[in-house]
Amino acid sequence: MDLLNTLVDKGLRRESPTRDEALAVLATSDDDLLDVVAAAGKVRRHWFGRRVKLNYLVNLKSGLCPEDCSYCSQRLGSTAGILKYTWLKPGEASEAAAAGLAGGAKRVCLVASGRGPTDRDVDRVSETIRTIKDQHENVEVCACLGLLSDGQAERLREAGADAYNHNLNTSEATYGDITTTHTYADRVDTVNKAHAAGLSACSGLIAGMGESDEDLVDVVFSLRELDPDSVPVNFLIPFEGTPLGKEWNLTPQRCLRILAMVRFVCPDAEVRIAGGREVHLRTMQPLALNLANSIFLGDYLTSEGQAGKADLEMIADAGFEVEGAEQVTLPEHRAAAAAGGCGSHGSAGCGSGAEAGCGSHAEAGCGSHEGGGVCGTASAPEPAANEARTDLVAVRRRGAGTDLAPNA
């Protein structure tokens, strides 16, 4: 397929595809799906080999959020029966992190619900970061605390944070349909603050919220302009008790196409399969490792994930290897830029010289109208609605905030 050959060539050169090419990936047929995966897999292996980076979430403060993000079980007005608790103490957070690190995680993502941290919150998270770093050599720590005020990113960096997550989630055009208590521009501002402070920026999206193909392409090209080092791809977990609790728009095949499109647009960024992979990719999860080079281990913020042992077996059975603490995740050119502070990234994004350029919290955190025109042609047929698999949505009842052992 000429399209795929073109996309592979561009990906190996860190060159941006066109919008029409990105839309065409989402419009490919099931008959062509394995060809799409194979093509995107070439780009993934070129930049990241067969390594899979493991990340582990610690929910520092759960529920009781004043924001109205429609996808979130912790939102204002949510009736989802999730765990609700205030800030974990530094020792408790470090103990929770230790479980993930023992399971092979390389990065710990510290997430807290809320619009954004107060200065006192930054103090307490900074203490938590120092505690984890003191007890675990070489661990990467990513914070995900919502919208940042001036100076807060710098304070987190001084405390030892390596990265900051703040997802764009969906396109600017449809953002107001998902959230009304803050704006798309607020999110962009926070990602820029993380960059400027020298933190590795982590920013991604949520698929499955009823968005169009154009919306998906819009948000991924916006991410390319922002140039995050990590791009988490969340698949909406439809929690009962939230406005999007009945949105079941994804199939495993569509999830694979979305991941392939993200890989082509952000070829040398860490693409992470985040929340919802067990719910929507299901038995196709191993195939997705050919597209993404990073996953979350075990549970998410408010929902249970696949058993950590099963994650490790899946990686091995698919012919991949867990990335070690001594290994550098990013390609050399990106790692060098990160060492000089993420604010040193070029405006083109994702390491490319193309004008398109790559570049609070989703269910996976640190850390959401099918169809759409392609290449100027008529709209592609809409995929069949996915069967509602409510049996796969399980509220987290273990780990942080409980007396039960975590899943890692």
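Helices (H or I, at least four residues) and strands (E, at least two) are DSSP runs, numbered from the N terminus. This is a predicted model, in which local features need pLDDT of at least 70 and side-chain atom pairs count only at pLDDT 80 or more, while totals for chains, interfaces and linings use all residues. Residues are numbered from 1 along each chain as its sequence is written, and side-chain values use heavy atoms, with hydrogens and water left out.

Helix α6 spans residues 152-159, and its buried residues are Gln-152, Ala-153, Leu-156 and Ala-159; buried means under 20% relative accessible area, exposed over 50% and partly exposed in between, with a 1.4 Å probe and protein chains only. Seen down the axis of α6, these buried residues fall within an arc of 120°, so they line one face of the helix, the arc being that of the directions from the helix axis to the C-beta atoms. Just after α6, Gly-160 takes a positive phi of about 115°.

## The protein as a whole

The protein contains 14 helices and 10 strands, and 63% of its 408 residues count as buried. Its accessible surface comes to about 14,500 Å², of which 48% belongs to carbon and sulfur atoms; the areas come from the Shrake-Rupley method with a 1.4 Å probe, and for residues only the protein chains shown count as cover.

## Nonpolar cores

In soluble globular proteins, nonpolar side chains tend to be buried together. A nonpolar core is here a set of buried Ala, Val, Leu, Ile, Met, Phe, Trp, Tyr and Cys residues joined through side-chain atoms within 4.5 Å. The largest such core has 92 residues, and those with the most contacts inside it are Val-58, Leu-156, Leu-205, Phe-235, Leu-259 and Met-261. Helix α10 (residues 252-265) gives the most to this core, with 9 residues.

Leaving aside residues up to four places away in sequence, Leu-259 touches Val-233, Phe-235, Val-271, Ile-273, Leu-281, Ala-288 and Leu-291. A second, separate core of 10 residues includes Ala-163, Ala-274, Phe-296 and Leu-301.

## Aromatic rings

The structure holds 2 aromatic pairs; rings of Phe, Tyr and Trp (its six-membered ring) pair if their centres lie within 6.5 Å, and planes under 30 degrees apart count as stacked, over 60 as edge-to-face and the rest as tilted. Tyr-175 and Tyr-184 form an edge-to-face pair, at 6.1 Å centre to centre and with 65° between the planes, and both Tyr-175 and Tyr-184 are buried. The rings of Phe-296 and Tyr-300 have their centres 6.4 Å apart and their planes at 75°, so this pair is edge-to-face. Phe-296 is buried, with a relative accessible area of 0%, and Tyr-300 counts as buried at 3%.

## Loop residues

Leu-64, in the loop between β1 and α4, has a positive phi of about 60° although it is not a glycine, and it is exposed, with a relative accessible area of 62%. Asp-227, in the loop between α9 (213-226) and β7 (230-235), also has a positive phi, near 60°, but Asp-227 is buried, with a relative accessible area of 4%.

Definitions and conventions
Contact = heavy atoms within 4.5 Å.
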